[in-house]
Number of protein chains: 2
Amino acid sequence: MSETDPLVVFTPSGKRGRFPVGTPILTAARQLGVDLDSVCGGRGICSKCQITPSYGEFPKHGVTVADSALSEWNSVEARYDEKRGLISGRRLGCQAQVMGDVVIDVPPESQVHKQVVRKRAEARDIVMNPSVRMYYVEVEQPDMHEPSGDLERLAKALEEQWDIAGATADLGVLHGLQPILRKGEWKVTVAVQQHSEGQTPKVIQVWPGFYEGKIFGLAVDLGSTTIAAHLCDLTDGEVVASSGIMNPQIRFGEDLMSRVSYSMMNSGGAAEMTAAVREGMNALFDQISQEAEIDKTLIMDAVFVCNPVMHHLFLGIDPFELGQAPFALGTSSSLNLRARDLDLDIHPNADIYILPCIAGHVGADAAAVALSEAPDKSKDLVLVVDVGTNAEILLGNAEKVLACSSPTGPAFEGAQISSGQRAAPGAIERVEIDPTTKDVRFKVIGCDLWSDEDGFAEATEATGITGICGSGIIEMVAEMRLTGILDGPGLIGSPEQTGTSRCFLDGRTYSYMVWDGSAEGGPVITVTNRDIREIQMAKAALYSGARLLMDKFGVDEVDRVVLAGAFGAHISPKHAMVLGMIPDAPLDKVTSAGNAAGTGARIALLNTSARREIEQTVHQIHKIETAIEPRFQEHFVNASNIPNAVEPFPILKSIVDLPDVNFNTGGDTGGEGGRRRRRRG
Amino acid sequence: MSETDPLVVFTPSGKRGRFPVGTPILTAARQLGVDLDSVCGGRGICSKCQITPSYGEFPKHGVTVADSALSEWNSVEARYDEKRGLISGRRLGCQAQVMGDVVIDVPPESQVHKQVVRKRAEARDIVMNPSVRMYYVEVEQPDMHEPSGDLERLAKALEEQWDIAGATADLGVLHGLQPILRKGEWKVTVAVQQHSEGQTPKVIQVWPGFYEGKIFGLAVDLGSTTIAAHLCDLTDGEVVASSGIMNPQIRFGEDLMSRVSYSMMNSGGAAEMTAAVREGMNALFDQISQEAEIDKTLIMDAVFVCNPVMHHLFLGIDPFELGQAPFALGTSSSLNLRARDLDLDIHPNADIYILPCIAGHVGADAAAVALSEAPDKSKDLVLVVDVGTNAEILLGNAEKVLACSSPTGPAFEGAQISSGQRAAPGAIERVEIDPTTKDVRFKVIGCDLWSDEDGFAEATEATGITGICGSGIIEMVAEMRLTGILDGPGLIGSPEQTGTSRCFLDGRTYSYMVWDGSAEGGPVITVTNRDIREIQMAKAALYSGARLLMDKFGVDEVDRVVLAGAFGAHISPKHAMVLGMIPDAPLDKVTSAGNAAGTGARIALLNTSARREIEQTVHQIHKIETAIEPRFQEHFVNASNIPNAVEPFPILKSIVDLPDVNFNTGGDTGGEGGRRRRRRG
């Protein structure tokens, strides 16, 4: 290029250079290292290299772009436009040639490392850098005088046309390679797998000619109770389907420790649970691919996050050691495994990636939360709480991150609650109790009306009012505490003590009547004092884990709180704080991150660099083992009180009045909250 | 170390250095880079580090070794000596400490890279450098305060104690790792797999404590007709068992082209043949491990060599393309695959290595012959002929190597010969015909007597005289030619023409009576003119391949000839030359290499560097495709004559008289040898 050649300026990168007249824009972009996508390598087939030229005066760039700055619209572009339609003003970068000074905008969707925008304002976007990518290549035909294998000529084409050196192929690809090359008349599209920079690139799929379809990846959050998966387009990162199923291991035990016990007490029990979870996984993959109407074999990558016990059971490692101190993991590193070695029925050559575990009780799910919420990049001190059957808790900032897990049990998911249920239409999810009348009104999932509003009965006729889900029970208990129906130690008052007949003697303690649907054949929904105990223990476990990390960090307050987990998006910060689930903090500093573990899995799926990043990060996270920390027990006892027996919660108390009631009449019903249970799951 | 420290001189390496008093010999060896083995890492368990100190004056090394040069025999050595016996004069290198100047001899068996001595004088030794090695390690116990996985602590121990960094483990190892570590009380022996320097080391087996057993590898020569395997000790390279079976694919076709046809004409035919050969392989592995009395799961590595069609059928690639020009291979590179992906029932984490193919008709077996016979390292011009159902031919020297294959057919293995049989007891393998009486005498396999010697009948009573094997038929035809029973164009003479009643009319041509066993209920063994035709075509194919390479090399003679292949060790150079199988050369320059392909497989098995070497070498071998060389046809026609219609064979003629007979009486029985058949297998 010489000084008299036309100047090409790319936006948004700002990269610029002079190129001889006739240079295709794609060529110019490649030479300058501008991120402009192409699957067909500039053959006018894939349309991935679309760009938008700008015309007129650009003082900022010091150029004036004439109407004739690019070559005329050509037949390839015309054919493409006719067939698929090209957005007005767009050109194909491989066809449009430089004729004069020009400013070229690369729209986001034409970038290889395009950004997947996350909806939450504070969340960082995901940069596309998947482990499997597609390339169109033209392969040399065999020559008897220069004998070489078809695969070797394919690898040569990848090197010459795509700069991908030393590609090998999976045995399965070799089985079909020869007929496919001939069917495509030596033009094929290949899917190349490369997990990391040093890894040998591997061809895992070959299609004859130019493959116009998509390829997919799975981000799987393997929880104790549910298995949830996002099916993502590996080209643009879009979530094309999300689905979940119950973990079939539930039949071996609701929480993790009961599954560990099952494996200890039943020879072959671990193997049985491994088979169950893998079968469940395949059922989920069937379901999600049917939902997205794709062939399962187009799923070419998968990332898994899970807690340590699920991790081991999924891999076929007996979780025995995780059931006892020192809680030694079989392996804590990230893993690249072949889908078929885990009996997973997706693309036969797909590999799967499992995020690293942080410690014996702090798993790959916590690592995924750390990847998604990035406490290690936070300027202020953030507490991230991933609420599930087991809670993963991270506390830190750019200087230091601490982590622990705490056995909350399944109460927050509506289990072990007398009227509890999973979040589904008909479940009570929002609650208000009138401080004067002590009457309750609520909303159920699937209906926007409050239960005392006109039309509620009609609107909920189809679903009925079936129970209370996790977020509903949190609001319910907090409202009971706020309205003096419940005292700090966790006793429901009598009708006399509370002034409402909704409180009634139910065995040796009192219960609170929420909804009597028996006249219509529906359930009677109450909150029993045993339900309160379950919630007390769950929230005490959660709080004391967080408090322990604060002790270790040497702080008494945190700057902000991120609630993650299955119901993280639905939780009411105020009610959570009234319960004393989380430390005292300004309400506007308590935000929800939704399923952060699943998001972390998705980030790792779409960006292999993020895998390297989290592998580094977990080494820097300091793990706290709650089981051996003497103060955990003390925190737990204090946190059994609602909100807390010793913590002052000044911010909370500045916005709500907590009635100073005590219903303990000297009987034996109180104090159970102080009993310590070790329960994981 | 200071100038006053004792001097330690190691032989045979000559490495020397000064070490403080008290330094163990093993430590000194490691610091100097002396090749001294150890599996237990100096803990006095494995006894691999045995050395022999020398005492007295060593002017050559400039040292005098006092009797007190090493520390006294200690309790570890005494215990070992009592338990297993230490050769007199030997010490354990990890126990004996430097006390004064000393000369230490490292015996061959104590070297890591010990030499496996090959019996043939001209063959180079094999240096041990296997892909799987054993290491004893002491692993840190888990610590809740510094959580890490058991595997990660094992990897750390490998790095700290053996300098093996970044080891991972196969999923199968993870399944059993935790109980094994605890059973071994955190002391384990691991088998680590590493094919090449850059590859991540992988733990494929863990034993509790110090594992005293051996581990094994297989070198497999997968031929069209037979599958042969050597089972080798991966520590010392010793062949502990050798075994072979018929290739079960024979039922789909005797030669390769008929198998290719079978796959073309039968849907699923290729898959059927793939299953058959893999089943056969597993049967062979059962057989060989039973013979060696070892558990199959101790076979942790395997190397395969085979021709291209077998290569593809073994891998599950349809050999369709190999049946037609341009004979494109699916892949020509070497392959590292997992045994289980090929349904091979050895150690579950074993990988297998397949040598690279040279071209569409010149396979991994030819590469193995090149590795074993190393024509690329030869100063003189060597012709290497690997005789099988398909002949692999290499011609070259340190400057250049050419290769081709030639479809000899199975005649040299005794097939398609009327009285032919495979080499087995009772088969005629040596032949002499009296030039005057035209009477024949012979030896059979299993008996050292000639058939006209006393006691022959008794000695062969058990086996009988059952047929003629490959080397026998070569000698037979050559002797018939030498004694004027057979003419140059390949016609057997009449009784009148030859002067012996052993020649008799047999249909339209004459046959030669070798042995009439019918009186004892045995077979009548004759050589028919059709048998002669088969041998003519086989040897013409062989010779014309060799001659074509000579043309391409621009030479009319070679310095030496190496005969390899199943019967390479048994062939008579003189008779082979009378037949005109090989070019004219001094008889003492014609040597036998035995099963060179199998040897090449063994070299690659025992030395991973040799794998890299042959991968490089095959790129430098120039391949000649006989099918498209016009001169091949011409050479073939000339070579149909015995020994040859045009080549002078001056050296041969200086040692034997070839009767100038011609039995063609103008009939139509001659000249068939000129008909060209394309036959591979």
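**Figure 1. How much of chain A is buried.** In this predicted model, 53% of the 681 residues of chain A count as buried. The chain is built with 17 helices and 31 strands. Its C-alpha atoms fill a box of roughly 95 × 65 × 55 Å, taken along the principal axes. Look at the contacts in chain A between residues at least 6 apart in sequence: 68% of them join residues at least 24 apart.

**Figure 2. A look into the largest nonpolar core.** This core counts 363 residues. Which of them touch the most other members? They are Ala367, Val385 and Ala403, in chain A and again in chain B. Let's zoom in on B:Val385. Leaving out residues up to four places away in sequence, B:Val385 touches B:Ala391, B:Ile393, B:Leu542, B:Ala546, B:Val561, B:Leu563, B:Ala564 and B:Ile582.

**Figure 3. Where chain A meets chain B.** Here, 34 residues of chain A are in contact with 34 residues of chain B. On the chain A side, α3 (150-162) and α4 (171-183) each supply at least two of the touching residues. The largest share, five residues, comes from α4(A). Sorted by class, this side of chain A has 17 nonpolar, 10 polar and seven charged residues.

Notes. Residues are numbered from 1 along each chain as its sequence is written. Chains are lettered from A and ligands numbered from 1 in the order in which they are written. This is a predicted model: local features need pLDDT of at least 70, side-chain atom pairs count only at pLDDT 80 or more; totals for chains, interfaces and linings use all residues. Two residues are in contact if their C-beta atoms, placed from the backbone, lie within 7 Å. Helices (H or I, at least four residues) and strands (E, at least two) are DSSP runs, numbered from the N terminus. Ala, Val, Leu, Ile, Met, Phe, Trp, Tyr, Cys and Pro count as nonpolar, Asp, Glu, Lys and Arg as charged, and the others, Gly among them, as polar. A nonpolar core is a set of buried Ala, Val, Leu, Ile, Met, Phe, Trp, Tyr and Cys residues joined through C-beta atoms within 7 Å. A residue is buried if 20 or more other C-beta atoms lie within 10 Å of its own, exposed if 12 or fewer, and partly exposed in between; C-beta atoms are placed from the backbone.
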